Every structure is written in structure tokens, then in C-alpha cells.
Amino acid sequence: MGNLFSGRDGGEDKPRLEEERMEEAIMLTGMGKEYISKVYEIWSSYDANNDGKMSKEEFLDIPEIKANPLKEGLYQLLDLASSGAGDQEEEVTFNAFVVLLSVMSLDGPLDKKMLYAFRLIDTGDDGRIDEQD
């Protein structure tokens, strides 16, 4: 199994993120333009209908997500990423996607990694990890 950054071969016509959205993603994640551009390429290759949003089915159909036994939990983490990105969408937005990937990256902030890991394990969503989780 690969990783999302091996992605699909997008060819020469790589999708470009508008400058305003690029700056917003940088502000939300603390990551650089190169990282954000790569995530946008990945995003664009999996946004099957090119509507700028990803349905739950599109998200769960990403091979690296599909093969993950925690895929439903990862989808639930998008809710946390969405609130951090200021989104109020039912569908997955690019901002939520880039926030989630940045937190899960090697360079992601440790405090957010811990929060996301806790939320992934706290399946009861009660703020505690107990035997039922």
C-alpha cells in the first residue's frame, strides 16, 4: 500500500489552487506552498465529479483510505478538521482535507496529532477512553 503523496500520475496539466485559497490553506496548516500544491493535486485527482467537494463515498474510495481499518474514524476526523478550517459543510472540503493531512504528516503539530489520535480512539465521543472504545 502506498501513501497519498505517491498519488495518481496527473501528467503535465497539474491543477493549480488560486492564490487566495493557497494563502488560506497555508494559514490553516502552517505548511508551505509546495506541500499545499501537492495536497491540491491529490485532492483534485480524487474529486471525481470536479465539484470542489468530496462526498463521503469519494473520500472513502481513496485507495489508502479504503484499505485502512480506521477509515470511518478518519472520515469522522474530517468533522474536527472542518471546524478547524471554519467549514460547516456535510461534504469534505479542500480546507478540511488539507488540515487533516497536515496534522497526520510528519511535520504536523504534536498537540493536534494528540487531539486527533484521542478522537480517533474515543469512538464513544464522550471525551474519555474507556473499555467500550
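## Burial and helix α6

A residue is called buried here when its relative accessible area is under 20%. By that criterion, 10 of the 11 residues of helix α6 are buried in this predicted model, so the helix is largely enclosed by the rest of the structure. The buried residues of α6 are F94, N95, A96, F97, V98, V99, L100, L101, S102 and V103.

## Overall architecture

The model is predicted. Its protein chain contains seven helices and two strands. Along the sequence these elements follow the order α-α-β-α-α-α-β-α-α.

Of the 133 residues in the protein chain, 37% count as buried. Among contacts in the protein chain with a separation of 6 or more, 49% are made by residues 24 or more positions apart.

## Helix α2 and its surroundings

Helix α2 covers residues 33-46. It comprises 14 residues and reaches 20 Å from the first C-alpha to the last, which is close to the 20 Å expected at 1.5 Å a residue.

The buried residues of α2 are Y35, I36, V39, Y40, I42, W43, S44 and Y46. These buried residues pack against helix α1, strand β1 (53-54), helix α3 (56-60), helix α4 (63-66), strand β2 (92-93) and helix α6.

## Aromatic pairs between α2 and α6

Four aromatic pairs are found in a search of the whole structure. One of them joins Y40 and F94 in an edge-to-face arrangement, with 5.2 Å from centre to centre and 85° between the planes. This pair links distant parts of the chain, since Y40 belongs to α2 and F94 to α6, 54 residues apart. Y40 and F94 are both buried.

F94 also pairs with W43: the ring centres are 5.9 Å apart and the planes lie at 70°, so this pair is edge-to-face. W43 is in α2 and F94 is in α6, so the pair ties together parts that are 51 residues apart in sequence. Both W43 and F94 are buried. Y40, W43, F94 and F97 together form one aromatic cluster.

## The segment before α1

L17 lies in the segment that precedes helix α1 (19-29). Its relative accessibility is 12%, so L17 counts as buried. Neighbours within four places in sequence left aside, L17 is in contact with M22, I36, Y40 and F94. The C-alpha atoms of L17 and Y40 are 6.9 Å apart in space, although the two residues are separated by 23 residues in sequence.

R16 is also located in the segment before α1. With a relative accessibility of 73%, R16 counts as exposed, whereas L17 counts as buried. The C-alpha atom of R16 is separated by 7.2 Å from that of S37, which is 21 residues away along the chain.

## The α6–α7 contact

Helix α6 (residues 94-104) and helix α7 (residues 110-121) have axes that come within 9 Å and cross at roughly 105°. Crossing angles of 65 to 115 degrees count as roughly perpendicular, and α6 and α7 are therefore roughly perpendicular to each other.

On the α6 side, the residues in this contact are V99, L100, V103 and M104, and they meet K112, K113 and Y116 of α7. By class, the contact comprises five nonpolar residues, two charged residues and no polar residues. Among the α6 residues named here, V99, L100 and V103 are also buried.

## Positive phi angles

Most residues other than glycine have a negative phi. N50 has a positive phi, near 55°. N50 lies in the loop between α2 and β1, and at 62% relative accessibility it counts as exposed.

D125 likewise has a positive phi, near 50°, and is a residue other than glycine. D125 is found in the segment after α7. Its relative accessibility is 56%, so D125 counts as exposed.

Methods: Residues are numbered from 1 along each chain as its sequence is written. This is a predicted model: local features need pLDDT of at least 70, side-chain atom pairs count only at pLDDT 80 or more; totals for chains, interfaces and linings use all residues. Side-chain values use heavy atoms; hydrogens and water are left out. Axes are lines fitted to C-alpha atoms, for helices over the stretch in contact, and angles run from 0 to 180 degrees between N-to-C directions. Helices (H or I, at least four residues) and strands (E, at least two) are DSSP runs, numbered from the N terminus. Angles under 35 degrees count as roughly parallel, over 145 as roughly antiparallel, 65 to 115 as roughly perpendicular and the rest as oblique. Contact means heavy atoms within 4.5 Å. Ala, Val, Leu, Ile, Met, Phe, Trp, Tyr, Cys and Pro count as nonpolar, Asp, Glu, Lys and Arg as charged, and the others, Gly among them, as polar. Rings of Phe, Tyr and Trp (its six-membered ring) pair if their centres lie within 6.5 Å; planes under 30 degrees apart count as stacked, over 60 as edge-to-face and the rest as tilted. Buried means under 20% relative accessible area, exposed over 50%, partly exposed in between (1.4 Å probe, protein chains only). The expected span of a helix is 1.5 Å times one less than its number of residues.
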